[in-house]
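Please read it alongside the sequence and coordinates shown here.

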Amino acid sequence: MAKLLISRDGQPEQQVQLSKERMTLGRHPRNDIVLSHPAISAEHAVIVTILDDSFLEDLHSTNGTFVNGHRIGKHFLQHQDAIKMAKFELAFVADGVRPLAAAQPVLAELSVLNGANAGKHVALTKPQTTLGRAGVQVVVIHRHLQFYTITHTEGELAPLLNGTTLDRQVAERLSDGDVIDLSGTQMTFRVA
């Protein structure tokens, strides 16, 4: 099932599964996805999902809906499309985008969302990548053939995965679009 990763001013706010055929976005509380900001129209846009295809349509909003930097009327959403509405950034994450052959490895990267390194990307090409500061908070991302896992290995302060505390020494499987919070630095896990 496809989902939207919603951020405001670069700060992740929510993750919404596109669980209904028609989901409205807007400022008014009756919408399926409420985006509280004065520059968002009461009924700003709608996402219609038919089978595996999702379409975004602007509902004649005052300030418009943008996908990958272009104002749209109606747009066929594709994996990792960047949607902008006022102060909100929405990343469209499709499910089952890349059916992989058994021997083809999955490649991924981390995109830093905030702080001094915001906008930087870290390729996850090694068998394991260690992140954090020794003695404070350390995680290890392990690369497997078809997936990646993250493990909290060191430090009293637990890192967060999609807002949930990671248990120490327990490997959690990562999914495309997951947000990792390591001592306040937020990163999005992306399948390449």
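With which residue does R30 form a salt bridge, and how far apart are the closest N and O atoms? The partner of R30 is E43, and the closest N and O atoms of the two side chains are 3.0 Å apart. The model is a predicted one, and the values below are computed from it.

**Salt bridges**

- The structure holds 3 salt bridges, and the one between R30 and E43 joins two loops, since R30 lies in the loop between β3 and β4 while E43 lies in the loop between β4 and β5, so that the pair ties together parts that are 13 residues apart in sequence.
- R30 counts as exposed at 53% relative accessibility, whereas E43 is partly exposed, with a relative accessible area of 41%.
- D32 forms a salt bridge with K20, with 2.5 Å between the closest N and O atoms; this pair links distant parts of the chain, 12 residues apart, with D32 in the loop between β3 and β4 (33-34) and K20 in the loop between β2 (11-17) and β3.
- D32 is partly exposed at a relative accessible area of 32%, and K20 also counts as partly exposed, at 42% relative accessibility.
- E89 and K84 meet through their side chains in a salt bridge of 3.3 Å, N to O; E89 is partly exposed, with a relative accessible area of 25%, and K84 is partly exposed, with a relative accessible area of 35%.

**A buried arginine without a salt bridge**

- R190, which lies in strand β21 (residues 185-191), is buried yet has no salt bridge, and the nearest side chain of opposite charge, that of D176, is 4.4 Å away.
- Why does that separation leave R190 without a salt bridge? A salt bridge requires a side-chain nitrogen of Lys or Arg within 4 Å of a carboxyl oxygen of Asp or Glu, and D176 is 4.4 Å away.
- Leaving aside neighbours within four places in sequence, R190 is in contact with residues that include L5, Q80, A91, V93, L107, A108 and E109, as well as with D176 itself.

**Nonpolar cores**

- The largest nonpolar core has 21 residues, and those with the most contacts inside it are L4, L25, L56 and I83.
- Two or more residues of this core are given by each of the elements β1 (3-8), β3 (22-26), β5 (45-50), β10 (82-85) and β11 (88-93), and the largest share, 3 residues, comes from β11.
- L56 touches, among others, A45, V46, I47, V67, I72, I83 and M85, when residues up to four places away in sequence are not counted.
- A second, separate core of 16 residues includes A108, L131, Y148 and L166.

**I72 in its loop**

- I72 is placed in the loop between β8 (70-71) and β9, and this residue is buried, with a relative accessible area of 14%.
- Beyond residues up to four places away in sequence, I72 touches L56, D58, T65 and V67.
- I72 and T188 are 116 residues apart in sequence, and their C-alpha atoms lie 26 Å apart in space.

**Aromatic pairs and charges over rings**

- A search of the whole structure finds 2 aromatic pairs; in that of F55 and F76, the ring centres are 5.4 Å apart and the planes stand at 50 degrees, so the pair is tilted.
- This pair links distant parts of the chain, with F55 in strand β6 (residues 53-58) and F76 in strand β9 (residues 74-76), 21 residues apart; F55 is partly exposed, with a relative accessible area of 27%, and F76 is partly exposed, with a relative accessible area of 37%.
- The rings of Y148 and F189 have their centres 5.4 Å apart and their planes at 65 degrees, so the pair is edge-to-face; Y148 lies in strand β16 (residues 148-154) and F189 in strand β21, so parts that are 41 residues apart in sequence are tied together.
- Y148 is buried, with a relative accessible area of 1%, and F189 is buried, with a relative accessible area of 1%.
- K74 lies over the face of F55, at 5.8 Å from the ring centre, while R173 lies over the face of F147, at 4.0 Å from the ring centre.

Key
Residues are numbered from 1 along each chain as its sequence is written. This is a predicted model: local features need pLDDT of at least 70, side-chain atom pairs count only at pLDDT 80 or more; totals for chains, interfaces and linings use all residues. Side-chain values use heavy atoms; hydrogens and water are left out. Helices (H or I, at least four residues) and strands (E, at least two) are DSSP runs, numbered from the N terminus. Buried means under 20% relative accessible area, exposed over 50%, partly exposed in between (1.4 Å probe, protein chains only). Lys and Arg count as positive and Asp and Glu as negative; His and the chain ends are not counted. Contact means heavy atoms within 4.5 Å. Rings of Phe, Tyr and Trp (its six-membered ring) pair if their centres lie within 6.5 Å; planes under 30 degrees apart count as stacked, over 60 as edge-to-face and the rest as tilted. A charge sits over a ring if NZ of Lys or CZ of Arg is within 6 Å of the ring centre and within 35 degrees of the ring normal. A nonpolar core is a set of buried Ala, Val, Leu, Ile, Met, Phe, Trp, Tyr and Cys residues joined through side-chain atoms within 4.5 Å.
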